[in-house]
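Good morning, and thank you for joining this group meeting. I would ask you to keep the structure in view while I speak.

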Amino acid sequence: MAKKSHSGLPRTQRPFFRLSHTCSSALHGSCILVRSLTISISKHLGGITARAHRATSGFFLGSSRTLHSPSFATVPVDLSGSQPAEVNNLVQGQWKTSSSSNWLLDPLNGDPFIKVAEVQESEIKPFVDSLSRCPKHGLHNPLRAQERYLLFGEISAKSAQILGQPQVSEYFAWLIQRVSPKSFAQALAEVTVTQKFLENFSGDQVRFLARSFAVPGNHLGQQSHGYRWPYGPVAIITPFNFPLEIPVLQLMGALYMGNKPTIKVDSKVSIVMEQMLRLLHDCGLPKEDVDFINSDGKTMNKLLIEAKPQMTLFTGSSRVAEKLAVDLKGRIKLEDAGFDWKILGPDVQEVDYVAWVCDQDAYACSGQKCSAQSILFIHENWTASELLSKMQHLAERRTLQDLTIGPVLTFTTESMLEHLDSLLKIPGSKLLFGGQELENHSIPKIYGALKPTAVFVPLEEILKPHNFELATKEIFGPFQIVTYYKHDQLTEVLDVCERMHAHLTAAVVSNDPLFLQEVLGKSVNGTTYAGIRARTTGAPQNHWFGPAGDPRGAGIGTPEAIKLVWSSHREVILDIGPVPRNWELPPPS
């Protein structure tokens, strides 16, 4: 392929990514082959400039490979302000625009680069009608249209095979980076988890989700059957931070069980799911089975109230989750925000490894994981180690150049620094590292740009009622609280964990069995890692991920999660006789 010159383009429109092959990398214990993303970024006249050895259409894969658009794709691989993309809506089997569009700003340089067709309140009727047409017994169930279980096993197998192709997996990793900037390793890991999930539910695995049971009755001809029954019309609302993994895993779970979903992904990143739907259509997904909507929160709220889905899955902020729970009269499952904790036990070992995991948990994806380490409780035995200095060193390795630190999409720099200032007013608190805006960046002011930050707050101050809310406020960015505790203060540490309102992930870093037993037995977080390799982050396809302690809690990724979230129990009692030959009418009772 002939090289394409970009010298004639304005600096803000020139390509700035170059991908090169690297060896396999251990990402939290899962060795996956990744290609590192090398970015040469420098601020110049408010824009971003780049150097690249091999130019294609704006992004660069290795020394001899280029990024191509797969056959289903509609997004240009030179996506930029000068080559924008469009996102449409899908309803009743048709891709449609809307009367109003919203331009998204490139999170790295502020250029308008994606045009999203946002449905207005006056335009929701087709979506309401589409959901309303789906009966409560669903599009399939254990007693009706059983061939659709086989269909979705085939769709999963085909889509897993396509998503596993390097050309396709790299395309999605690149697209994730463009809208939710994170390192290429993190973006590709998200694609890999999604691909493995689809592999897991290939073939007969979909119908195995609907496995029923029977119990003998009291007399001849009587038998009770328990079924996993769909809800029928359902809705899915997912956030920006995992643009592919969360919506795909929840969407496919809903479809496997026989539901008809309307899905809304945060408009900042919905282009990723739009492209995935096009892949799924190519793999046999009927276009009428899923509606896809872009809108603001108010419009989506109106749609939910009018369409009355039998169940809504919401992943996102606690504030919105609680509002929806009231508006939808409890017909909802939640995987809301989490102020996630990690406790280091008394057995000090593997300091380098523990420091690395702490850095990954707190700052990978710029801290924008619902499972990110929000507070670190360090046993006094660790004070003699170099844990904190090693954590600082690891945090300072992160750069915008390789997107190991990057834009924060829900907090501004100013708001994060204001929170820092408030914390530093607590007696005994101090800044450990970070606390400054990123240097030499062109991230728009509507987003945040903060260096990885850690703040020490004394445990006794965290426990005080007037400090507790401030110290446990979730900052969805590269920000964590650190505190020490003495051996006889474990009860106070567990009291802090008990008082938190969300219980998503946690980590107990210790190989002391009695310590593990004490902490695990007196905590509740739904996804808790325990042992010297324990982490708070990680939502792979091989274990449950979700909160505990809330009857509305939703899980993701496993058969148990799918059955819990996307089906309900139905009991059918067969009583076909015969009626006893000598039966007589009994007296009234």
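The largest pocket has a volume of about 1,200 Å³. Please bear in mind that this is a predicted model. Of the 42 residues lining this pocket, those closest to its centre are Phe314, Gly316, Ser317, Ser318 and Val320. Two or more lining residues come from each of these elements: strand E16 (233–238), helix H8 (297–307), strand E19 (311–316) and helix H9 (318–327). Which element gives the largest share of the lining? That is H9, with five residues. Sorted by class, the lining comprises 17 nonpolar, 14 polar and eleven charged residues.

Let us now turn to the sheet. In general, strands of a sheet pair through backbone hydrogen bonds, either parallel or antiparallel. Here, seven strands form an open sheet with mixed pairing, and their order is E23-E24-E25-E22-E21-E26-E27. At the edges are strand E23 (430–433) and strand E27 (527–530), each of which pairs on one side only. From one strand to the next, the twist averages 20 degrees.

Consider one pair in detail. Strand E21 (residues 340–344) and strand E26 (residues 505–509) run parallel and are joined by four bridges. Leucine 344 has valine 509, in E26, as its bridge partner.

Finally, two helices deserve attention. Helix H15 (residues 490–499) packs on the sheet and touches E21, strand E22 (373–379) and E25; the direction of H15 makes about 165 degrees with that of E21. Helix H12 (residues 413–424) lies across E23, strand E24 (453–456) and strand E25 (479–485), and H12 runs at about 20 degrees to E25.

How values were computed:
Residues are numbered from 1 along each chain as its sequence is written. This is a predicted model: local features need pLDDT of at least 70, side-chain atom pairs count only at pLDDT 80 or more; totals for chains, interfaces and linings use all residues. Side-chain values use heavy atoms; hydrogens and water are left out. Two strands pair if DSSP finds at least two bridges between them. Axes are lines fitted to C-alpha atoms, for helices over the stretch in contact, and angles run from 0 to 180 degrees between N-to-C directions. Contact means heavy atoms within 4.5 Å. On a 1 Å grid over the protein atoms alone, a cavity is a set of points where a 1.4 Å probe fits but cannot get out, and a pocket is an open set with protein on both sides within 12 Å along at least five of seven lines; lining residues have an atom within 4 Å of a point. Grid points are joined across faces, edges and corners, and a volume is the space filled by probe spheres set on the points. Ala, Val, Leu, Ile, Met, Phe, Trp, Tyr, Cys and Pro count as nonpolar, Asp, Glu, Lys and Arg as charged, and the others, Gly among them, as polar.
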